[in-house]
Amino acid sequence: MVGALSRRVFAAGLSVSAALITSQAARAQAKGRVVVVGGGYGGATAARFLKRYAPALTVVLVEPNDAYVSCPFSNLVLAGERDLDAQTFSYDALAADGIERIQDRAETVDPDARRLVLSGGQAVLYDRLILSPGIDIRWNALEGYSPKAADTMPHAWKAGPQTLLLRRQLEAMEDGGLVVMSAPAAPYRCPPGPYERASLIAHYLKTQKPRSKLLILDAKDNFSKRPLFLNAWAELYGDMLEWRGASDDGRVSRVDARANALETDFERFEADVANVIPPQQAGFIAQQAGVADATGWCPVDAVSFESTLQPNIHVIGDASIAAPMPKSAFAANAQGKICALQIARLMSDLPPEATVLANTCYSYIAPDQAISVAGVYRNDGGAFKELAEAGGVSLLDPPLGDRAREALQASDWFKAATSEAFG
Ligand code: FAD
């Protein structure tokens, strides 16, 4: 187990190498047109850093929404600890940076012609394309779970109306009700996310509806920070919260939206509130562009984030296969910066250069307490490798005040990441 000091040392190393590469690339004055699809943690960060590293480039962001709603910290909204407004970010800062924004959805990509076509029919040409479309739900991969079912059994795995729907359901539930969550098999967006959510819903129930119960049905036996979560649940929520792993018949095989019921191989649970976190895949535009493989996710060269299936298309964020880096906003933000550097280099006729990337996933176990897992990754050789000597997880038995300090660090991370992407 490695402490916070080691994490900080590696994070500093990352910014130093970034600065060296940037100055070379900027001096070369890259010219051309880069189109970014998706204005989330990955895409907005990449667009802004690209414009910073290579100001002569034309950078175009294609994004259908007029504002971005952040999934990180949306579990606090579910617990009634935060407003959705605090999760919502405009794209004004990108426009001020000189990034052209087209408010529309990319529908098709023709990699040979280097051309996108948008919902409105507009064709957009690129020299290089960055795809950061996040995830799509794999509808019906879980029997019975369709867009219609999500109207009553929300996933809330894309922030916005789904978050508010789940919040309203929790508010409307009577004390003594049963909340059932289902967690999918890996890979999926935000590995510790379901367990942070369970913690914060349990906190809400404990403080507002103490006779209620939360059951998590899980398609796997192991999950991110499991010993830390299990400890915290036992200590903070006791019998109110029950977790069932796959080997304990926890895998949900079917949902029945009419009855608000979730079924495992041997049992059926009728829920007062059901939160189904379903299987996922890269956003549809990645499949359409031919950059996703049979897994539904996108293989990339780890140094440049260029697709290994289609030239001149880079894929970052949740849509990419960057394991052992997790599908997190922290990772998408780091990948956005590195991808921007490498494109600035490529468009200046410089080869991409290996770097070091880092990730920290904070999870709230209560509104004022958090735990974390950190990792540091090399990308030389075209594949990601986690450094065994760096990173680590929070202590199981921490000194007094540690969890509260981590909650403050989580909040600082959120401010820094959203400021880099949107601020
Ligand atoms: P997104 O941020 O989802 O952005 C994708 C963007 O692409 C969207 O704006 C979308 O509108 C746009 N788009 C999609 N398709 C198209 C198209 N065809 N044309 C144009 N635009 C398109 N991560 C953390 O690091 N820390 C946390 O605390 C954390 N908490 C989380 C809590 C929850 C409940 C959830 C669900 C996730 C959490 N995450 C967290 C994970 C984080 O949300 C994702 O990893 C991150 O958003 C990935 O960034 P992205 O750019 O890949 O995708």
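Is Cys190 buried, partly exposed or exposed, and at what relative accessibility? At 28% relative accessibility, Cys190 counts as partly exposed, where buried means under 20% relative accessible area, exposed means over 50%, and partly exposed lies in between (1.4 Å probe, protein chains only). The model is a predicted one, in which local features need pLDDT of at least 70 and side-chain atom pairs count only at pLDDT 80 or more, while totals for chains, interfaces and linings use all residues. Residues are numbered from 1 along each chain as its sequence is written, and side-chain values use heavy atoms, with hydrogens and water left out.

The secondary structure of the chain amounts to eleven helices and 25 strands, these being DSSP runs numbered from the N terminus (helices: H or I, at least four residues; strands: E, at least two). With a radius of gyration of 21 Å, close to the 22 Å that the globule rule gives for 423 residues, the chain is as compact as a globular protein of that length; the radius is taken over C-alpha atoms, and the rule is 2.2 Å times the number of residues to the power 0.38. The C-alpha trace spans about 65 × 50 × 35 Å along its principal axes. Of the 423 residues in the chain, 56% are buried. Among the contacts in the chain with a separation of 6 or more, 67% are accounted for by residues 24 or more positions apart, a contact meaning heavy atoms within 4.5 Å. The chain exposes about 16,900 Å², of which carbon and sulfur atoms supply 51%; accessible areas come from the Shrake-Rupley method with a 1.4 Å probe, and for residues only the protein chains shown count as cover.

The ligand is surrounded by 36 residues, the closest being Gly42, Glu63, Tyr68, Arg189 and Asp318, where a residue is near a molecule if one of its heavy atoms lies within 4 Å of it. By type, the residues of this shell divide into 18 nonpolar, eleven polar and seven charged, with Ala, Val, Leu, Ile, Met, Phe, Trp, Tyr, Cys and Pro counted as nonpolar, Asp, Glu, Lys and Arg as charged, and the others, Gly among them, as polar. A polar side-chain atom of Glu63 lies 2.6 Å from an oxygen atom of the ligand. The protein covers 93% of the 1,000 Å² of accessible area that the ligand has on its own. Two or more residues of the shell are given by each of helix H2 (41-53), helix H3 (74-78), helix H9 (284-289) and helix H10 (329-346), and H10 contributes the largest share, three residues.

Helix H10 also holds Gln342, which is buried, with a relative accessible area of 0%. A polar atom of the Gln342 side chain lies 2.7 Å from the backbone oxygen of Glu353. When residues up to four places away in sequence are not counted, Gln342 touches Val303, Ser304, Pro352, Glu353 and Thr355.

Several loops show particular backbone features. The peptide bond from Ala323 to Pro324 is cis, with omega near 10°, and Pro324 lies in the loop between strand S21 (320-321) and H10. A cis peptide bond, with omega near 0°, also runs from Ala186 to Pro187, the latter placed in the loop between strand S11 (178-183) and helix H7 (193-208). Cys190 is likewise found in the loop between S11 and H7, and has a positive phi of about 60° although it is not a glycine. Asn260, also not a glycine, has a positive phi of about 55°; Asn260 is found in the loop between strand S14 (254-256) and strand S15 (261-263) and, at 14% relative accessibility, counts as buried.

In the loop between strand S12 (213-218) and helix H8 (226-236) is Asp221, which counts as partly exposed at 33% relative accessibility. Its side chain reaches the backbone nitrogen of Ser247 at 2.9 Å. Asp221 and Trp243 are 22 residues apart in sequence and 9.9 Å apart in space, C-alpha to C-alpha. Not counting residues up to four places away in sequence, Asp221 touches Arg226, Trp243, Gly245, Ala246 and Ser247.

Terms used
Polar contact = N/O pair within 3.5 Å; in protein donor to acceptor, adjacent residues only side chain to side chain.
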